[in-house]
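Dear colleague,

Please find below the structure that I am passing on to you, followed by an account of what was found in it.

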Amino acid sequence: MFNDQLYIPRQVLIDDVRELTYDTRLFRLRLGNHYKPGQFVQVSVLGAGEVPVSICSSPTRNGSLELCVRKAGLVTSAISALGKGDCLGLRGPYGNGFSVDRFKGQPLLFVSGGIGLAPLRSLIGFVLDNRDDFGKVTILYGAKTKQDIVFGDELKQWAKARDTDVAITIDKPQEGWDGHTGVVTSLFGDLKNASACTAFVCGPPIMIHFALTELLVMGLKPNRIITTLERHMKCGVGKCGHCYLKGQYVCTHGPVFSYEQLDAMNVRL
Amino acid sequence: MAIRSKIEIKRYSIAKANLVSLLARLCREKKLIAPVRNDAFGDVEFVPVAAAEDITLDYENTANPPKEFFFPNFECMFAFEPGNNESISAGDDTLPMVLVGLRSCDVKAIELLDRFYERDFEDNYYLDKRRQSVLISVACAKLHEQCFCTSTGTGPVLESGFDIQLIEIIDGYIAEIGSTKGLEFVEEYQSFFADAAGFDPHKFPPLVENGGPRFDLKNVYNRLKAEKVEESFWEDMAARCQSCGLCLFMCPTCSCFTVTDKALPSGQWRRARQWDGCYFRGFTRMTGGSDPLRNNQEMMRRKYEHKLVQQIDEFGMSGCTGCGRCNLICVGNVNWLENIVKIDRGA
């Protein structure tokens with residue numbers, strides 16, 4: 001744990017801040033790599049409050065931890081106002097994270113929309129840094145407009161990695177965009193051998209709904225479709241009750257669940 | 001100190017006059033919490049006691065559950081100054097407490113909360129208070145109109161969970177000691193107690209029943225777990241629930257909270273936790289307005305499924321301990337007990 005006491009955040013120096021879009025920033029913190037892809041942290045600004053944020057870096061990179069924060073409410077606005085040399089309060093890492101060992105040797109398909117790429121980026125980084133352990137990698141990414149694309153440079157870099165395909169789409173045609181248009185599921189038609197893949201899906205709820213439905217139709221096994229759920233956790237440690245879902249606490253049992261698990265819990269996405 | 005180190009039950013007796021003088025002494029020496037009649041409203045409330053003569057032991061149950069003494073409605077988690085990252089300082093101090101006069105349902109509720117706050121991550125705001133508290137319960141000699149502990153398996157007389165359990169007999173009480181904390185308490189105040197090792201527990205006065213169990217918990221569990229309950233049942237409940245949250249605040253096992261940074265009138269800042277509840281419509285709403293909870297029926301069902309399925313699965317005991325407070329307090333006539341009975345009968 002980064003924090004010594006359950007509810008008291010550890011103050012961590014911000015090493016670097018990068019603009020990703022007009023409302024989204026990437027914060028790099030100098031903090032060891034004792035976390036798993038898919039875990040999250042509770043991030044505080046004293047006086048504003050605390051919110052859960054998924055870790056978007058891979059523990060295989062530089063011993064730092066990165067957080068992708070979109071300015072949306074009170075706390076994320078307070079975080080966004082901070083710069084290099086300021087401190088963020090951190091508790092965690094919490095949650096189960098992705099069980100990377102289960103997917104070794106398999107072709108992997110990443111499907112994400114908007115800022116939903118952030119939690120998957122932690123796993124993508126992990127997979128590309130352990131490239132020999134995994135099969136072909138396909139990354140599909142959709143954003144509302146070209147201004148909403150996060151990690152655009154990295155998407156290009158990932159495309160250069162061995163046996164890795166990347167496709168990007170934006171919802172509607174836009175001046176200055178000559179790439180694919182349509183929602184992210186419109187990229188599914190070009191997939192080959194999709195049914196053999198393990199898919200990781202993250203994005204807005206509506207995107208997750210359609211992606212899961214289509215992946216099932218394409219023949220992916222329910223235990224090979226993995227998503228990570230967003231909930232408004234107040235504690236992150238299974239006490240506050242806000243993320244309770246059909247007998248599970250998303251913060252401690254999740255946030256990563258397979259479609260098979262969600263189906264058994266009777267959760268409809 | 002451990003919260004509960006269960007021991008094989010030992011029996012002492014305490015005469016009524018001795019109990020009165022014990023309470024007077026506790027009032028002077030400890031932070032004593034006990035039932036006191038509120039003369040303005042007629043309610044009996046579980047409150048810190050200033051004078052021992054205020055205590056009543058003639059009551060069905062207290063209007064408020066005892067959870068607030070371990071999980072207060074506004075609890076400072078830590079103090080700080082905004083913008084000063086070195087300024088975090090500890091929360092409020094914990095004082096040792098003796099709680100006298102809890103009913104069995106509330107003892108079992110605290111046992112459930114203990115296990116909840118201990119599991120996975122230890123919540124020391126709660127646990128520190130529990131470690132420093134002694135629970136002296138008074139078993140019910142008769143089943144009251146509103147309660148149903150015989151249906152939830154949490155009373156009226158307990159076999160475990162208490163430090164000391166008082167069971168009324170003629171002229172006094174048998175004091176059953178159920179934990180090392182209880183034993184230490186009797187040692188500290190031994191002059192008030194007499195040995196009753198030879199007492200035959202079969203000689204307790206017979207219980208005055210209120211009609212026997214109201215429902216079959218196992219059947220309710222099975223029907224909820226298999227999602228057999230009709231959607232129209234939840235719709236009807238959702239139409240009547242006013243989302244006031246009183247049933248949750250009055251529930252001895254409800255433990256949901258929210259966390260906020262607050263400036264006190266003094267200008268000092270606190271990160272504090274406050275009671276929250278799953279019947280507030282914004283409970284699961286996220287920034288930007290999206291809400292994974294699709295409708296109010298789902299909101300209604302979650303509470304039943306949590307207390308009567310999930311907590312039984314996780315803790316092996318019912319998340320409802322049958323105190324009946326929620327039924328008394330509800331402004332929308334959403335009667336928890338009647339609804340469970342309906343689920344049992346095939347709603």
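In this predicted model, 35 residues of chain A and 40 residues of chain B are in contact with each other. Together the two chains bury about 3,100 Å² between them, and carbon and sulfur atoms give 58% of that area. On the side of chain B, Asn85(B), Phe121(B) and Arg271(B) supply 19% of the area buried against chain A, more than any other three residues. Arg271(B) also takes part in a salt bridge with Glu50(A), with 3.7 Å from N to O.

The side chains of Arg273(B) and Glu75(B) meet at 3.1 Å, N to O. Since Arg273(B) lies in strand 12 (residues 269-275) and Glu75(B) in strand 4 (residues 74-81) of chain B, this pair ties together parts that are 198 residues apart in sequence.

Turning to the sheets, chain A has an open sheet of six strands in the order 4-3-6-1-2-5, with antiparallel pairing. Its edges are strand 4 (49-54) and strand 5 (64-70) of chain A, each of which pairs on one side only. On average, neighbouring strands of this sheet are turned by 40° against each other, direction ignored. Within chain A, strand 3 (residues 40-45) and strand 6 (residues 87-94) run antiparallel and are joined by four bridges; here Gln42(A) stands opposite Arg91(A) of strand 6.

Chain B contains an open sheet of eight strands, in the order 3-2-6-7-8-9-1-10, and its pairing is mixed. Strand 3 and strand 10 (194-195) of chain B are the edge strands, pairing on one side only. Seven bridges connect strand 1 (residues 6-15) of chain B with strand 9 (residues 172-179) of chain B, and the two run antiparallel. The bridge partner of Ser13(B) in strand 9 of chain B is Ile174(B). Helix 5 (residues 180-188) of chain B packs on this sheet, where it touches strand 1, strand 6 (97-102), strand 7 (133-138), strand 8 (164-169) and strand 9 of chain B. The direction of helix 5 of chain B makes about 130° with that of strand 9 of chain B.

At the other end of the strand order, strand 2 (residues 31-37) and strand 3 (residues 44-48) of chain B run antiparallel and share five bridges. Pro35(B) has Phe46(B), in strand 3 of chain B, as its bridge partner. These two strands of chain B form a hairpin with six residues between them, and Gly42(B) in the turn has a positive phi of about 85°.

Two helix contacts in chain B involve helix 9. The axes of helix 9 (residues 296-315) and helix 11 (residues 336-344) of chain B come within 12 Å and cross at roughly 75°, which makes the two helices of chain B roughly perpendicular. In this contact Lys303(B), Tyr304(B), Lys307(B) and Leu308(B) of helix 9 meet Trp336(B), Asn339(B), Ile340(B) and Ile343(B) of helix 11. The residues concerned divide into five nonpolar, one polar and two charged.

Helix 6 (residues 217-225) of chain B packs against helix 9 of chain B at an angle of about 105°, with the axes 10 Å apart. Helix 6 and helix 9 of chain B are therefore roughly perpendicular to each other as well. From helix 6 of chain B, Leu217(B), Val220(B), Tyr221(B), Leu224(B) and Lys225(B) meet Tyr304(B), Leu308(B), Val309(B), Ile312(B) and Asp313(B) in helix 9 of chain B. By class, this contact has eight nonpolar, no polar and two charged residues.

Some features of the backbone remain. Most residues other than glycine have a negative phi, and most peptide bonds are trans. Gly254(A) and Pro255(A), however, are joined by a cis peptide bond with omega of about 5°; Pro255(A) is in the loop between helix 5 (250-253) and strand 15 (256-258) of chain A. In chain B, a cis peptide bond joins Gly155(B) and Pro156(B), with omega of about 5°, and Pro156(B) lies in the loop between helix 4 (149-152) and strand 8 of chain B. Asp171(B), although not a glycine, has a positive phi of about 70°. The place of Asp171(B) is the loop between strand 8 and strand 9 of chain B.

With kind regards

Note on methods: Residues numbered from 1 in each chain as written. Chains lettered and ligands numbered in written order. Predicted model: local features only at pLDDT ≥ 70, side-chain atom pairs only at ≥ 80, totals over all residues. Heavy atoms only, no water. Axes fitted to C-alpha atoms, helices over the stretch in contact; angles between N-to-C directions. Parallel < 35°, antiparallel > 145°, perpendicular 65-115°, else oblique. Contact = heavy atoms within 4.5 Å. Nonpolar A, V, L, I, M, F, W, Y, C, P; charged D, E, K, R; others polar. Pairing = 2+ DSSP bridges. Buried area = accessible area lost by both parts, 1.4 Å probe. Salt bridge = Lys/Arg side-chain N within 4 Å of Asp/Glu carboxyl O.
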